[in-house]
Amino acid sequence: MSEPGGRSWRAAAAVARPDSPRYLALITVVLVGTGLALIGPVILRTLIDRAVEGRASTASVAWFGGLFLAVAAASQVIALIVSYLAAVAAWTTANRLRLQLTRHVLDLDEGFHRSHNPGELIERIDGDSSSVSEFLSVVAVRVVAAIALVIGVIAVVLTIAWWIGLAMVAYVVGASWVVYRERERAVNESADERRAAAELYGGIEERLTAAEDLRAAGAQSYAVGRFAAETGRYIEVITRREQAFLALWRNLNMAIVSGTVVALIIGAFAVRSGFMTIGSAFLVYQYTARIRQPLEDLSHDLNVVQKANGAMRRVRALLTTTTSLPDTGTIEPPAGALSVELDQVSFRYANDGEPVLRDVTIRVEPGRSVGLVGPTGSGKTTTSRLVARLVDTSEGEVRLGGVPVTAIPEASVRRRVAVVPQQVELIAGSVRDNLTLFVDHDDAAVDTALDRVGLDRFRGEAMHTRLGPGGAGLSAGEGQLLALARAWLREPDLVVLDEPTSRVDPATEARLEQAVADLLAGRTALVIAHRLGTLDAMDEIVVMEAGRVVEAGDRAQLVADPQSRFAGLLRRAAAEPMEAAT
């Protein structure tokens with residue numbers, strides 16, 4: 001069942017409310033323009049009646065003609081002012097909406113982002129905001145002007161002949177009923193179109209991101225086939241929306257043409273019967289034509305209305321999506337290195353999904369470093385996400401410094417826990433921007449962080465070196481070092497490293513290991529690694545398999561015990577290079 005359209009427009013009104021002074025000024029100017037539109041036919045009516053009665057002198061004709069031209073010129077000036085004010089107000093509102101949606105999406109948890117790809121979210125944030133902007137800058141202004149015009153026209157016509165005024169009321173009500181009857185189908189089809197567009201653009205983004213892998217696997221035909229199928233669905237939805245629009249346009253125009261014909265017949269009958277003057281009949285016809293114009297505009301703008309209504313439904317749905325990680329914490333853990341405790345923790349990414357972690361219990365004392373090892377899919381990265389509160393447990397509890405992580409303010413967790421992921425995300429911007437991520441740090445702190453990870457070639461003015469999309473201009477190893485420098489810059493109390501040497505050459509690995517050792521000194525650390533040599537400096541080791549902790553203990557003791565799983569992993573790792581050589 002579709003959401004009632006009234007909620008969408010109330011949501012649009014809420015979005016526009018911060019700019020209400022601009023919209024009030026805009027409405028005032030629109031009302032002035034409507035008043036001028038009503039005055040013009042009245043001037044012509046007076047002139048025609050004077051001419052018919054023989055009372056139109058050359059001077060009076062010139063005076064009324066000049067007055068009419070002055071009103072017409074003023075109307076054009078008002079129209080320009082309306083266009084300018086509408087554009088400024090609409091873009092201000094739309095940009096605020098984009099910012100609001102962006103902040104909201106960034107605050108949503110990983111579960112949301114796992115089910116929505118970036119292309120889809122871009123379409124929802126930018127595309128839907130643009131639809132709302134177009135509505136506010138074009139259609140909303142016309143609707144306000146149309147309502148004011150209809151009220152003014154009916155009021156004037158009622159003073160001429162009440163029965164013609166009532167007929168005009170019936171005409172407007174009939175045309176409005178046609179719009180109301182057809183609008184729901186059109187709006188629903190428009191919402192479907194926006195969803196189909198989001199899926200199409202999301203798929204395009206996904207395949208462009210994976211272009212290199214697709215080429216390497218020879219899967220271009222598959223990618224093109226997926227694109228063709230998604231495009232076909234998009235075209236099908238567009239066709240249905242256009243059909244709904246055309247049905248409304250056809251019925252509305254039938255009502256408009258019928259109203260115009262009736263106005264001509266009534267005017268001719270009234271003049272012939274002596275109920276009104278020729279000037280008054282002309283006035284009624286002119287007013288009918290004036291009412292016809294906004295109705296025709298509405299039929300042409302219905303596509304914008306459809307998109308805007310569908311967009312506001314989607315915007316409202318997005319803004320009412322709540323994170324599963326509410327920021328309600330009020331307790332600060334003790335200062336200094338943080339202890340880490342996972343107490344009987346289980347986790348699944350979906351309520352009905354298979355558990356990724358099962359009854360995991362780990363304790364790390366303050367200032368100690370722990371290496372997490374295990375095969376792919378054993379739950380190591382998920383464990384690190386729980387510690388950094390990127391996700392919350394399904395069962396059990398995670399504590400930092402003895403405080404449940406859910407009871408700690410989010411800002412405190414982000415400040416005191418630094419995560420260095422395996423896949424480093426870099427942006428098109430300067431080295432400094434990629435290091436600070438636009439958080440305010442002085443240049444001396446940036447230089448120090450670069451020095452600590454061996455990226456001193458970017459010190460000083462060189463920190464403003466521009467990088468291309470995805471950090472083009474840095475090697476994979478330098479990107480990993482830059483991610484480590486981000487952690488240095490924050491001076492955290494707990495460091496989580498996910499495969500810190502997975503993408504580096506031996507020379508860079510040596511630099512990275514020294515930087516890691518310096519960073520971990522005096523801090524609690526959780527280090528995930530497949531290269532077991534990375535864990536030589538760890539105090540403790542936790543071995544995971546199938547989402548469970550199968551072994552944990554002091555690293556030296558596990559190495560000395562030939563029966564331990566960790567010792568077995570070390571022997572296997574040592575044998576692999578020899579096997580490769582043979």
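Predicted model: local features only at pLDDT ≥ 70, side-chain atom pairs only at ≥ 80, totals over all residues.

**Helix 3 with helix 5**

- Helix 3 spans residues 58–107 and helix 5 spans residues 118–160; their axes come within 8 Å and cross at roughly 155°.
- Angles over 145 degrees count as roughly antiparallel, so helix 3 and helix 5 are roughly antiparallel to each other.
- The crossing of this pair, helix 3 and helix 5, is right-handed.
- On the helix 3 side, the contact includes Val 82, Ala 86, Ala 90, Trp 91, Leu 97, Arg 98 and Val 105.
- By class, the residues of the contact between helix 3 and helix 5 are 14 nonpolar, 6 polar and 3 charged.

**Helix 2 with helix 5**

- Helix 2 (residues 20–53) packs against helix 5 at an angle of about 40°, and the axes are 9 Å apart.
- Helix 2 and helix 5 are therefore oblique to each other, and their crossing is right-handed.
- Helix 2 contributes Tyr 23, Leu 26, Ile 27, Val 30, Leu 31, Thr 34, Leu 38 and Arg 45 to the contact. Helix 5 contributes residues including Leu 136, Val 141, Val 144, Ala 148, Gly 152 and Ile 160.
- The contact of helix 2 with helix 5 comprises 14 nonpolar, 2 polar and 1 charged residues.

**Helix 2 with helix 3**

- The axes of helix 2 and helix 3 are 9 Å apart, and the packing angle is about 160°.
- That angle makes helix 2 roughly antiparallel to helix 3.
- Helix 2 passes helix 3 in a left-handed crossing.
- The residues in the contact of helix 2 with helix 3 divide into 25 nonpolar, 6 polar and 2 charged.

**Asn 434, buried in helix 12**

- Asn 434 belongs to helix 12, residues 431–436.
- Buried means under 20% relative accessible area, so Asn 434, at 0% relative accessibility, counts as buried.
- Beyond residues up to four places away in sequence, Asn 434 touches Leu 426, Ile 427, Gly 429, Leu 467, Leu 482 and Arg 486.
- A polar atom of the Asn 434 side chain lies 3.0 Å from the backbone oxygen of Ser 430.
- Asn 434 and Ala 515 are 81 residues apart along the chain, and their C-alpha atoms are separated by 18 Å.

**Buried residues in strands**

- Ser 369 is in strand 3, residues 369–373, and counts as buried at 6% relative accessibility.
- Not counting residues up to four places away in sequence, Ser 369 touches Ala 525, Ala 537, Met 538, Asp 539 and Glu 540.
- Arg 399 lies in strand 4, residues 395–400; with a relative accessibility of 16%, Arg 399 counts as buried.
- The side chains of Arg 399 and Glu 397 are joined by a polar contact of 2.6 Å.
- Leaving aside neighbours within four places in sequence, Arg 399 is in contact with Ser 339, Val 340, Glu 341, Asp 343, Pro 404 and Val 405.

**Positive phi and exposed residues**

- Most residues other than glycine have a negative phi.
- Phe 438, although not a glycine, has a positive phi of about 70°. Phe 438 sits in the loop between helix 12 and helix 13, and counts as exposed at 60% relative accessibility.
- Ala 546 is not a glycine either, and has a positive phi of about 50°. Ala 546 is in the loop between strand 11 and strand 12, and at 53% relative accessibility counts as exposed.
- Ala 444, found in helix 13, is exposed, with a relative accessible area of 52%.
- From Ala 444 to Ala 281 there are 163 residues in sequence and 82 Å in space, C-alpha to C-alpha.

How values were computed
Residues numbered from 1 in each chain as written. Heavy atoms only, no water. Helix = DSSP H or I, 4+ residues; strand = E, 2+ residues; numbered from the N terminus. Buried < 20%, exposed > 50% of the residue type's maximum accessible area, 1.4 Å probe, protein only. Contact = heavy atoms within 4.5 Å. Polar contact = N/O pair within 3.5 Å; in protein donor to acceptor, adjacent residues only side chain to side chain. Axes fitted to C-alpha atoms, helices over the stretch in contact; angles between N-to-C directions. Parallel < 35°, antiparallel > 145°, perpendicular 65-115°, else oblique. Left-handed = near helix turned anticlockwise from the far one by under 90°. Nonpolar A, V, L, I, M, F, W, Y, C, P; charged D, E, K, R; others polar.
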